[in-house]
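Me: I'd like to learn how to read a structure like this one. Could you walk me through it?

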Amino acid sequence: EEEEEEEGVENGNNDGEGSGVTGTGTTPPETMYLHTKRTYQPSNLVRKRRHGFLARLLSVGGRKVLKRRRLKGRRVLAA
């Protein structure tokens, strides 16, 4: 009797891990997790549009940024 109970534990029936169905078909649950996309996907075009000189000129706040950077003596005013 004790041997039968031990076999049930070895098969994973009583431990609570791995017994839940998380996917479809015969795919193991370990492979069901997808990697999250990294947050920074660099693009020079988007960078220039958001932080470039012309983008700074379009808004009052951007013009203030350029003014402060000129006063500070920055060689590069915008991206």
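Me: What percentage of the 79 residues in the chain do buried residues make up?

Reply: Buried means under 20% relative accessible area, exposed over 50%, and partly exposed in between (1.4 Å probe, protein chains only). Here, buried residues make up 10% of the 79 residues. A word on the source: this is a predicted model, where local features need pLDDT of at least 70 and side-chain atom pairs count only at pLDDT 80 or more, while totals for chains, interfaces and linings use all residues. Residues are numbered from 1 along each chain as its sequence is written, and side-chain values use heavy atoms, with hydrogens and water left out.

Me: How many helices and strands are there in the chain?

Reply: Helices (H or I, at least four residues) and strands (E, at least two) are DSSP runs, numbered from the N terminus. This chain has four helices and zero strands, so its elements run α-α-α-α from the N terminus on.

Me: Where does Arg69 lie, and which residues is Arg69 in contact with, leaving aside its neighbours within four places in sequence?

Reply: Contact means heavy atoms within 4.5 Å. Arg69 lies in helix H4 (residues 60–72) and, with those neighbours left aside, is in contact with Arg74, Val76 and Leu77. A polar atom of the Arg69 side chain lies 2.8 Å from the backbone oxygen of Val76.

Me: Is Arg69 buried or partly exposed?

Reply: Arg69 is partly exposed, because its relative accessible area is 27%. Phe53, in helix H3 (residues 53–58), is also partly exposed, with a relative accessible area of 36%.

How values were computed: A polar contact is a pair of N or O atoms within 3.5 Å; within protein, one must be able to donate a hydrogen and the other to accept it, and residues adjacent in sequence count only if both atoms are side-chain atoms.
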